Amino acid sequence: MTATSAKAMTYDNKGILSTLGRDGLLQVILIANTVLMLFPVVIMVFSGFKSNMEIFNNPFAVPDFANLSNYIDVWTQTNFVRYLFNSVFVTGFSLLLILVLGTMAAYAIARYEFFGASFLLLFFIAGLTLPLKLAIIPLFILFRDLGILNSYWALIAVYVAMGLPSTVFIMTGFIRSLPRELEDAARMDGASELRIMWSVMLPLTRPAMIISAIHNLVPIWNDFFFPLVFIQNDALKTLPQGLTSFMGEYTTDWGVMFAGLTLAAAPITVVYVILSRQFINGMTSGALK
Amino acid sequence: MPRLRLTGRGLWITALIVPPLAVMVTFVAYPILSALAYAFYDWQGLQRGDFVGLANFHEVLFTEPFATWTRNAFVHNVIVFFSLMVIQNGFGFILAYALWRELPGAAFHRVAVFLPVVLSTVIIGFLWKLFFHPLFGPVNQIFRGLGLDFLAQPWLGQSSTALASLIFVNAWAWVGFPTLVFLAGMQRIPGEILDAARMETDSEWVVIKKIVWPLVAPSATVVFILLFIGSFNWFELPYIMVGLDGSPFGSTDVLGLYFYRTAFGNQSAGVQDFGRGSALAVITFLFIAIVAAFWTVRLRKREIQL
């Protein structure tokens, strides 16, 4: 806050006009950009309420919001609800495993001194730089041999593997920063290691867990590549993948297609708008030291 | 008693470490090492055949028609990377600077610019595919409405504009990421340093060049490297918008599409070749790893620690 007012004062020295000029230009850039970002999304939502005729004749007109027929079609005539359930299940289960396994590894590496701890951390972090996409052929063969092609488990296994490196990285840094005193006091009282971890330390790691969860939530929820290779059965498809078969079926019905896109975008958009600060922190956290 | 405690703790640490380690070994280390090995074998469908040394690599890089396909895809990846470097990261920096000024409405603009980043590429791809429709798409409707009929082109349907259209959509979707990473970097610059700099010079341009840019260098390093890796792994957006063949006429073909076609086949040519696919994956991986490593070292050198 003080930095801002100090900045403002510096500008006052140079005359208010030049300040207004520059900030005015920046404000115009920001507004133009926001329009460019939101306009397509608004048109998408609007078009979901329109018929083909209305979309082609008046693409930018405000629609009759009472006309829900396209949305009802998507909900009842397609597998949309099934895809949504699959996405929620796969994402939720993967995140749970990522947090449990990631915290276990991070806790051991951060709180105990043992031979090979730093090597282990390096091993986990190395996974951050390896694009698992390029190992898709061996993964395909591995899952075929394990008999989990065409099942949730193929996706969950890949997502957990994808999510662990960043989670171990974020959680280790955070757990290391927690004070030793709490742990030592509990140990003096005769608490077991498990009890110290569960009741004393873990409740303190909540902020880092939220960051890790969001950091992994978005890529997993949105992933399309791994389902494309691993899942053939329509009943097991996740939302992005299901959307491709849905869009292939309704190629001539623009209103239904836009309604489908809107419904597919809705869950994460709503969560993002409510938790935008946490989303932005979580998704950029890997990029900041 | 102490000895017993020690083994107990050893067991405890082992119990914590082994499950996550097992996941990493099974689903990361083993597949990646296998990917290297597979490239040296001949494949009959899903069956691994004989060891063939570098034959797959030779085919992919030097035997026609594969060599031309590989080169064509690679050149497009390079174009994508440099274009996005300028458009996406350049505009991201400008937006970050504008947001950093905390003008009225900055919080709202920040949420808006990041919204497409959280949306699935599949949604974004289909949305813009409809928007770019030559006759009914809103993009051309706007151009016609403004009397700019010459701009009402089949953007995705002609070789001259298809790749550029994909690059535009990618920049639209992802500009929020560099914006907010740069912004976080700018917000960490101590106020005293900025105040001191602004005492010295009247030119904000000098402040940006000499103070802001060097001090956000660590953020820039990460943004550049991530864009580099992303550009050479580009797959979802072209797959949705122009299809597996990189249509029209391969003008949007990139390594990701080409790799997928080779490894898993496509409708027009149902053959799949895990050997050549693996060779492509290994070449792509080595290229990304080597360039990213050298570039990171170079970029880190110019970073300033306060």
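Author: A salt bridge is a side-chain nitrogen of Lys or Arg within 4 Å of a carboxyl oxygen of Asp or Glu. In this predicted model, local features need pLDDT of at least 70, side-chain atom pairs count only at pLDDT 80 or more, and totals for chains, interfaces and linings use all residues. Residues are numbered from 1 along each chain as its sequence is written, chains are lettered from A and ligands numbered from 1 in the order in which they are written, and side-chain values use heavy atoms, without hydrogens and water.

Reader: What is the N to O distance between A:D234 and A:K237?

Author: The salt bridge of A:D234 and A:K237 spans 3.6 Å, N to O.

Reader: Are A:D234 and A:K237 buried or exposed?

Author: Buried means under 20% relative accessible area, exposed over 50%, partly exposed in between (1.4 Å probe, protein chains only). A:D234 is partly exposed at 27%. A:K237 has 14%, so A:K237 is buried.

Reader: Where does the pair A:D23 and B:R101 lie?

Author: Helices (H or I, at least four residues) and strands (E, at least two) are DSSP runs, numbered from the N terminus. A:D23 sits in helix α2 (residues 16–47) of chain A, and B:R101 in the loop between α3 (66–100) and α4 (106–118) of chain B. Their closest N and O atoms are 3.1 Å apart. A:D23 is buried at 15%. B:R101 is buried too, at 11%.

Reader: How do I read the two sides of a helix?

Author: An α-helix has 3.6 residues a turn, so residues three or four places apart point the same way. Take helix α6 (residues 117–129) of chain A: A:A117, A:L120, A:L121, A:F124 and A:G127 are buried. They cover an arc of only 110° around the axis (from the directions to the C-beta atoms), so they lie on the same side of α6(A). The face turned away carries exposed A:S118, A:F119, A:L122 and A:T129.

Reader: How is the size of an interface given?

Author: Often as the accessible area lost when the parts come together. Here buried area is summed over both parts (1.4 Å probe). Chain A and chain B bury about 8,700 Å² between them, 79% of it on carbon and sulfur atoms.

Reader: How many residues of chain A are in contact with chain B?

Author: Contact means heavy atoms within 4.5 Å. By that rule, 94 residues of chain A touch 96 of chain B. Across this interface there are 3 salt bridges. On chain A's side, α2(A) gives the most, with 17 residues.

Notes. Buried area = accessible area lost by both parts, 1.4 Å probe.
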